[in-house]
Amino acid sequence: MLRTRTPHAIHPDHHRLRARVPEKMPVALNVNGVETRLKVAPWTTLLDALRDHLDLTGTKKGCDHGQCGACTVLLDGRRINACLTLAVMHDGQPVTTIEGLADGETLHPLQAAFVAHDGFQCGYCTAGQICSAAGMLHESHMGMPSYVTENLALARPELTNAEIRERMSGNICRCAAYPNIVAAIRQAAGGPA
Ligand code: FES
Ligand code: FES
């Protein structure tokens, strides 16, 4: 029997409700230490705000569904998938992207370690891997005194390869550079590379 789809009935208040949704909303973000004010559609993801409104294209869009980790940034020091959250939800919060990790011309220890260990091939996942690793090392310090957390070289050397892999499992590398990524993270964490 041939079936035809029944069109969804339009809610009687559809047009009135739709008129209430603001076209653009203001949001103030501190991105890589710079105060930034934007007006974005309420449904704009943090990822799209960074890439399309602020031209910070180091953060990559892979799946756009929270599955690959390519869009990982640090929100108040904690790693987050920027494709899964709306920019307007983070008014006033500090965001760090891959562009904000280096100190001028000096690479962040994780960036230097990824270069030293060839922790990438095509590089598409790399910004997410590095931001995620920075967040992961921060997580593994939680509860430790700041004189420890401020110095990555004093990080927990007891993190095993298996632990690093498990904690980084939200970041997919389609080039399968995993052994080099793990070696880079171990070096940045102060353990044997
Ligand atoms: S693009 Fe966000 S998790 Fe894949
Ligand atoms: S280096 Fe190509 S996806 Fe990871």
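**Entry 1: Asn81**

I began with Asn81, which counts as buried because 25 C-beta neighbours lie inside 10 Å of it; the cut-off for buried is 20 or more. A reminder to myself: this is a predicted model. I looked up where Asn81 sits, and found it in strand β4. Next I asked which residues touch Asn81 once its neighbours within four places in sequence are left aside. I noted Gly66, Gly69, Cys71 and Thr72 as its contacts. I also checked Gly170, which is 89 residues from Asn81 in sequence. In space, their C-alpha atoms are 9.5 Å apart.

**Entry 2: The sheet**

I wrote down its order as β2-β1-β5-β3-β4, an open sheet of five strands with mixed pairing. Which strands are at the edges? I found β2 (34-40) and β4 (78-81) there, each pairing on one side only. From one strand to the next, I read an average twist of 40°.

Then I turned to β1 (residues 25-31) and β5 (residues 94-96). These two strands run parallel, and I found two bridges joining them. For a place to look, I picked Asn30, which stands opposite Pro94 in β5.

**Entry 3: Helix α2**

My last stop was helix α2, residues 46-53. Which of its residues are buried? I listed Leu46, Leu47, Asp48, Ala49 and Leu50.

Technical notes:
Residues are numbered from 1 along each chain as its sequence is written. Chains are lettered from A and ligands numbered from 1 in the order in which they are written. This is a predicted model: local features need pLDDT of at least 70, side-chain atom pairs count only at pLDDT 80 or more; totals for chains, interfaces and linings use all residues. Two strands pair if DSSP finds at least two bridges between them. Helices (H or I, at least four residues) and strands (E, at least two) are DSSP runs, numbered from the N terminus. Axes are lines fitted to C-alpha atoms, for helices over the stretch in contact, and angles run from 0 to 180 degrees between N-to-C directions. A residue is buried if 20 or more other C-beta atoms lie within 10 Å of its own, exposed if 12 or fewer, and partly exposed in between; C-beta atoms are placed from the backbone. Two residues are in contact if their C-beta atoms, placed from the backbone, lie within 7 Å.
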